[in-house]
Amino acid sequence: MEDFDRYSVMDSSSKSEVEMVEEAKKRCRAVEDRIQSLPPSKITNSCKQTLLRLAFYVNYYEFIVFYLIELIHFGVNIGYLDSIVHILQQPFITGVSRVCKPIPTPSQDGKKQDSHSKGVHVDILCNLDKSPVWFVVSDRNPKYISWSGSHKNKGLKMRIKQILAEAHSSLTLKPASIILFFSNGLDGVVVQKLENEFGASELGVEFSLNADFCEELEGGWVNVMARSYGKACTFQIKVDCIGDTISVLDHGNRDPLVVEDARSELSEYQSPSILDDAFCSLISRIRFISLDMESAVPEMLLGKDIINFDTTALVALVSGISNGGTEKLRAAPEYEMKKRFKSNFEFVIAQVMSELQNPMLVEMRSVISGKIGMICETVHSEFKELVSMCGGPNEKSRADQLIKHLLIVPDTPSTRMMSLPTTRKIALKNKVVFGTGDYWRGPTLTANMGFVRAISQTGMSLLTLEHRPRALTGD
C-alpha cells in the first residue's frame, strides 16, 4: 500500500540479522497483545481484525527467515503499527471506525470505482474531542521525510494535498481535522512549511510519552520493554466540514448561552409515590441550559459535556421497570402478563430480570451526572406520543419532569449523516436523531444498536453511548 509514512528505517549496522529477526518478532507479538486489549467500546471488531492481520503478516514471516531479513533491511511496518496502536490506546480517542485502509475516491459519474482504484490512504478514522478526525501516521526518521518529494517519493506536501482534497469531497466520512502524527519528530524546516502552507498548528492534546509492554522470561521473570514517544510531534489541519458559518449576533447584549446549576426542584404537586427518590435524584443531576436557538452554533458548546437522548433512552428513564416496578411485575400471574404485554411478554420479563441484576437508574447516574441533556424535535414528538398511548400515570408524570430538564433543539442533522443512503437498517428518522447529536457534537444515548452497527459498517465514526432497553409498562 502506497503511503509516505509507512516504512521505518532501521540501523542494521549495530545488530546481526538474527538479533534483528528476534527483536522484530518480539515487537510484533507485543503489538498483537496491545491490539487485543483495545476495548470494544473504542474500536469496532472489523478495525481490530485489520490491525491483527497486518501484525500477523509481519510476525509469521519468521517462518521464511530470509524474506523477513529482507523486510527488515528495506523497512518493516512494525514501528508504524506500534504507533497506530499507541494512538488508539490514548483515552481521548473514541469511535474508531476505520484503520489502515484507503478511502475510496468516487468517480466523476458517481459510480463505484473498480478494484484497482486505491483511493487515499488514511491510517485512523475516529473521534477526538467529540469531532470526527483523520489520522495520518509516520514512523519514519525525520531526515527521510521530504517536503517536495522526488522520483521515489511524492513528498509530504503532495500527500497532504491529496488527503485534504479527499476530505473536502467526502460527505459521509468528512473530518473536522486532519491530524498528522510523527512518532520520531519532524525537521524544523518541514514544520515551518506545514504551518505556512496549510495553516497547521500543534495539536493541543498531550499523548503519553511511553508505550510499555512485557515479555515473559524463564523462571517467572518479566522483561519490561518500552518505546519512547518523547520526540513525537502532532499537528492539526482544520477542514471546513460544517458548511457556511453562522454568525453569532448580539441580540441586545443577550447572552445566547446560559448554563445553570443542575435543577433540584420538582413540581410542588408531585408526591414521592409518583416520583420516587431515585428518579428525582437522577434527573436533578442533569445540567440545565438556556440556549438562544436563533444564534446557536455547535462551537458554542465545545468543551461542554452534552448527551443527545434518543427515544429509547427517554423511555428507559421513565419506565416502571426502571422505577421500582419489578417486584409487582414478577408477582403478577403469567396469564395476566401475557394478556397485558402480548407478543412482548418475554421481552418485558427479560428486562425485569436485567433490572434486578443491574438497576438502570444506578447505571445511568454515572453517564448523565453533570451533563447537558438534549433532544431533537423528532424525539420530543415521538416520546410524547408514545407515553400518551402506552404510559401509565406515574410514567407520564416522570416523562413531564424529565422533559423539563432537557434542551429541545430543532432537527438539525449533520450533512455527513444525511449523505448516507436511506436503507432498511439506516432509516431516515434515525439519521435525523443521531445526525442532530452529530451536528451538536454530543454522543447519542441509545439502545438502538442495530442502527449503530449499520453506521459503523459505512466507516463513519459516530459518538454513541449504549444503554439497556426498557419498555413502558402502563405503571
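1. The lining of the largest pocket has 17 nonpolar, nine polar and seven charged residues. Here Ala, Val, Leu, Ile, Met, Phe, Trp, Tyr, Cys and Pro count as nonpolar, Asp, Glu, Lys and Arg as charged, and the others, Gly among them, as polar.

2. The model is predicted: local features need pLDDT of at least 70, side-chain atom pairs count only at pLDDT 80 or more, and totals for chains, interfaces and linings use all residues. Numbering starts from 1 along each chain as its sequence is written, and side-chain values use heavy atoms, without hydrogens and water.

3. The largest pocket holds about 890 Å³ of space. It is lined by 33 residues; closest to its centre are Ser 41, Gly 95, Leu 462, Thr 464 and Leu 465. A pocket is an open set of points on a 1 Å grid over the protein atoms alone, where a 1.4 Å probe fits, with protein on both sides within 12 Å along at least five of seven lines; lining residues have an atom within 4 Å of a point.

4. Domain 1 (16–104 + 119–208 + 224–238) and domain 2 (276–466) each give at least three residues to this lining. Domain bounds come from an automatic or database assignment.

5. Helix H13 covers residues 377–390. Its buried residues (under 20% relative accessible area, 1.4 Å probe, protein chains only) are Val 379, His 380, Phe 383 and Val 387. They fall within an arc of 100 degrees seen down the axis, so they line one face of H13. The arc is taken from the directions from the helix axis to the C-beta atoms.

Technical notes:
Points joined across faces, edges and corners; volume = space filled by probe spheres on them. Helix = DSSP H or I, 4+ residues; strand = E, 2+ residues; numbered from the N terminus. Expected span 1.5 Å × (residues − 1). Buried < 20%, exposed > 50% of the residue type's maximum accessible area, 1.4 Å probe, protein only.
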